[in-house]
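I opened the model today and kept notes on what I looked up. The entries follow in the order I made them.

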Amino acid sequence: MLKKSFIATVICLSVAASFSYAKEHPGKEYVLKNGYQGPKTCEVCHPGKAKEILGTVHWKHASKVDNVDNLKPGVEYGMKNRIYTMCNGNDIVNNLKEIPPNLQGKTKFSGCNTCHMGDHVSDVGSTGAAAEAAIDCLLCHSSKYDFSKRKPTKVDGNIVMGQDRSIEAAINITRPTSKTCMTCHESAGGGVLVKRGFAVTSEADVHVANKMVCIDCHQVKNHRFPTGYDPNNWAHDGLRVSCAGECHGEKPHKEAGLNRHAEKIACQTCHIPKTGGAIAKDFTKWQKQENGFWEPATLKKEANETIPVYAWYNLTVSNEPHFIGPKGSRGDSKSKIYPFKLFQGKAFYNQKTGDLMSMDFAPPMATGDTLAGVASAARILRIADYKPVPGWQTIYFGSNHQVAPKKKALACASCHSPNGVLNFKELGYSGEEIKKLTSPAIYFDQLLKKQEQEEF
Amino acid sequence: MKRVLTVVFLAAVMMVSVLSIPKMASAEEIKMVGVLNKIELAADGKSAIAILKDNKSGEEVQISVTDELTLDKLKDKRIVEGDEIRCKFDKQDKKNASKIFKKTAGC
């Protein structure tokens with residue numbers, strides 16, 4: 001009862017908060033009178049916020065990482081500098097640039113930092129007054145942002161990312177919606193729903209169906225975003241998302257048996273039964289597109305088209321040249337079984353060191369010449385001694401979105417049957433244990449009773 | 001005789017039904033990649049006509065867009081004229097109803 005009242009209070013407060021946000025922004029009059037000069041205008045009422053942004057992952061595209069193997073101490077990691085086979089490039093190697101002309105003479109702008117909320121002159125990780133002034137506050141905070149203005153152009157030889165700093169955008173301040181987040185996050189990895197493959201739609205996620213938006217779970221504190229422990233998402237703002245807490249509690253189920261499961265099985269395992277997005281990519285093989293540009297060969301899947309793989313995970317990560325994935329075991333008290341999207345990517349390795357090499361996409365995008373891309377990246381990263389050889393890397397992506405409605409969550413027989421989704425042998429169970437774990441005896445009477453109740 | 005006529009009548013009804021089912025569901029699914037040449041948003045904002053120039057044939061194809069997610073992207077100009085689009089649509093009764101309408105670009 002107390003729990004229900006608490007949840008009701010939280011919902012009421014959230015609704016009240018959203019109404020108050022939906023009301024006119026108090027700064028509207030000021031903007032109409034004084035115009036909008038970017039962060040300088042926002043800082044009149046929100047002092048210190050611009051500087052605050054510069055310290056976040058959204059600005060730096062990197063952070064200290066302390067749960068991943070084989071990282072250099074003292075170095076911050078993230079999409080700024082990481083090399084792995086979903087992207088094979090990063091902000092440094094694939095800094096926003098104009099692609100050389102293709103055979104049709106066409107060129108275009110491309111780069112990993114295209115989504116960065118600076119103006120590109122003040123770029124990923126930049127600091128100081130110029131960086132503060134370059135922040136595109138309205139990109140996330142305006143409901144009337146004109147995205148056609150957010151495109152790169154060449155100004156005095158520099159590539160500058162345009163921003164909508166119009167009065168119209170500045171007087172329509174609102175709480176960021178899922179659309180705000182997905183503007184950048186849905187196109188990661190080379191196209192819509194390629195990297196993580198989750199769609200923020202009512203059909204795909206029960207939270208969305210209940211009118212929740214991204215920041216209802218990723219509750220932002222001072223522009224720092226809580227994130228989960230995806231083995232392939234390293235940078236974080238020091239805050240973590242959890243299903244427990246104000247929404248679901250430590251014992252979320254009515255049935256004690258299910259709560260016992262939750263001690264060893266992550267919520268996502270039963271409640272996110274499907275995943276999506278690319279399952280494999282080959283950066284050694286680029287395909288010519290009808291527009292004359294080339295793209296890495298990619299096997300794509302829509303949202304909810306892929307069955308996850310399940311593994312023990314203690315929230316620490318194995319990071320090897322050919323593998324990035326969860327560490328943990330049945331015997332490890334900190335481990336739980338989690339679902340992952342299995343991705344395999346092929347790229348060039350340096351035969352002399354065994355390290356995965358990065359690729360500058362500009363040359364292969366124009367001509368399909370992958371080795372020219374490796375050579376360009378090596379120049380940028382000052383790697384002189386290398387011999388590129390192709391190889392595969394396996395990556396476990398956390399499966400943390402697309403929460404299914406209760407009826408579509410995994411049920412007893414989804415796992416406890418001989419053809420269930422869990423590979424008990426791989427998970428460390430003996431033959432005798434597997435025999436018991438896959439017997440209907442575990443759930444038969446309970447489900448029969450439930451069935452009878454539902455029938456009458 | 002009456003029984004024979006009944007059987008013949010029922011058979012005829014069944015044949016008509018069977019033949020009409022595929023006709024009703026004969027929408028042809030087409031995939032194409034093309035540059036967005038023109039967007040015409042309906043006054044009520046609940047639909048749009050997008051004209052794509054097929055990269056393969058060079059022909060202009062009119063696509064009817066009704067899903068909210070894409071309409072929203074057209075309204076706030078996250079998708080604009082000149083963008084390259086990967087589209088899947090149902091060709092039915094001279095109307096091309098969009099099923100998937102995504103920009104090809106990513107990062």
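Entry 1, burial. For this entry I call a residue buried if 20 or more other C-beta atoms lie within 10 Å of its own, with C-beta atoms placed from the backbone. The model is predicted, and I kept that in mind throughout. I went to helix α15 of chain A, residues 370–380, and found A:Thr370, A:Gly373, A:Val374, A:Ser376, A:Ala377 and A:Ala378 buried. What do the buried residues of α15(A) pack against? I listed β5 (280–288), β10 (336–350), α14 (362–367) and β11 (388–398) of chain A. Just after α15(A), I noted A:Arg382 with a positive phi of about 55°.

Residues 1–20 of chain A are the stretch I marked, with a pLDDT below 50. Beyond near neighbours in sequence, this stretch has three contacts in the model. Where pLDDT is low, the predicted coordinates should not be read in detail, so I left it there.

The largest nonpolar core has 54 residues, and I looked for the members that touch the most others: they are A:Ala311, A:Met357 and A:Met365. Elements of chain A that each supply at least two residues of this core are β5, β7 (309–313), β10, α14, α15 and β11. Which element gives the most to this core? I found β10(A) there, with seven residues. I then followed A:Ala311 and, not counting residues up to four places away in sequence, saw that A:Ala311 touches A:Pro326, A:Tyr338, A:Phe340 and A:Tyr396. Another core, of 15 residues, lies apart from the largest one. I wrote down A:Val31, A:Ile53, A:Tyr145 and A:Ala170 as being among its residues.

I located A:Leu422 in the loop between α16 (412–415) and α17 (431–437) of chain A. Is A:Leu422 buried or exposed? A:Leu422 counts as buried because it has 20 C-beta neighbours inside 10 Å. Leaving aside neighbours within four places in sequence, I have A:Leu422 in contact with A:Tyr310, A:Cys415 and A:Leu427. I also took the C-alpha separation of A:Leu422 and A:Val309, which is 8.0 Å for two residues 113 apart along the chain.

Most residues other than glycine have a negative phi, so I looked up the exceptions. A:His61 has a positive phi near 50°. I placed A:His61 in the loop between α5 (57–60) and β1 (97–98) of chain A. A:His61 counts as buried, because 25 C-beta neighbours lie inside 10 Å. A:Asn304 has a positive phi near 65°, and I found A:Asn304 in the loop between β6 (294–299) and β7 of chain A. With 19 C-beta neighbours inside 10 Å, A:Asn304 therefore counts as partly exposed.

I counted two helices and five strands in chain B. From the N terminus on, the order is α-β-β-β-α-β-β. Chain B has 107 residues, of which 21% count as buried. Of the contacts in chain B with a separation of 6 or more, 45% come from residues 24 or more positions apart.

Entry 7, strands of chain B. I traced β1 (residues 28–41) against β2 (residues 48–54) of chain B and found antiparallel pairing over seven bridges. The hairpin of β1(B) and β2(B) has six residues between the strands, and B:Gly45 there takes a positive phi near 70°. β2(B) also pairs in the antiparallel sense with β3 (residues 60–65) of chain B, over six bridges. Five residues lie between β2(B) and β3(B) in their hairpin, where B:Gly58 in the turn has a positive phi of about 80°. Which residues flank B:Leu52 in this pairing? I read B:Leu36 as a bridge partner of B:Leu52, and B:Val61 in β3(B) as standing opposite B:Leu52.

I have 16 residues of chain B in contact with 19 residues of chain A. On the side of chain B that touches chain A, α2 (68–75) and β5 (95–103) of chain B each supply at least two residues. I sorted the residues of that side into five nonpolar, three polar and eight charged.

Notes: Residues numbered from 1 in each chain as written. Chains lettered and ligands numbered in written order. Predicted model: local features only at pLDDT ≥ 70, side-chain atom pairs only at ≥ 80, totals over all residues. Contact = placed C-beta atoms within 7 Å. Helix = DSSP H or I, 4+ residues; strand = E, 2+ residues; numbered from the N terminus. Nonpolar A, V, L, I, M, F, W, Y, C, P; charged D, E, K, R; others polar. Pairing = 2+ DSSP bridges. pLDDT = per-residue confidence, 0-100. Buried ≥ 20, exposed ≤ 12 C-beta atoms within 10 Å, placed from the backbone. Core = buried A, V, L, I, M, F, W, Y, C linked by C-beta atoms within 7 Å.
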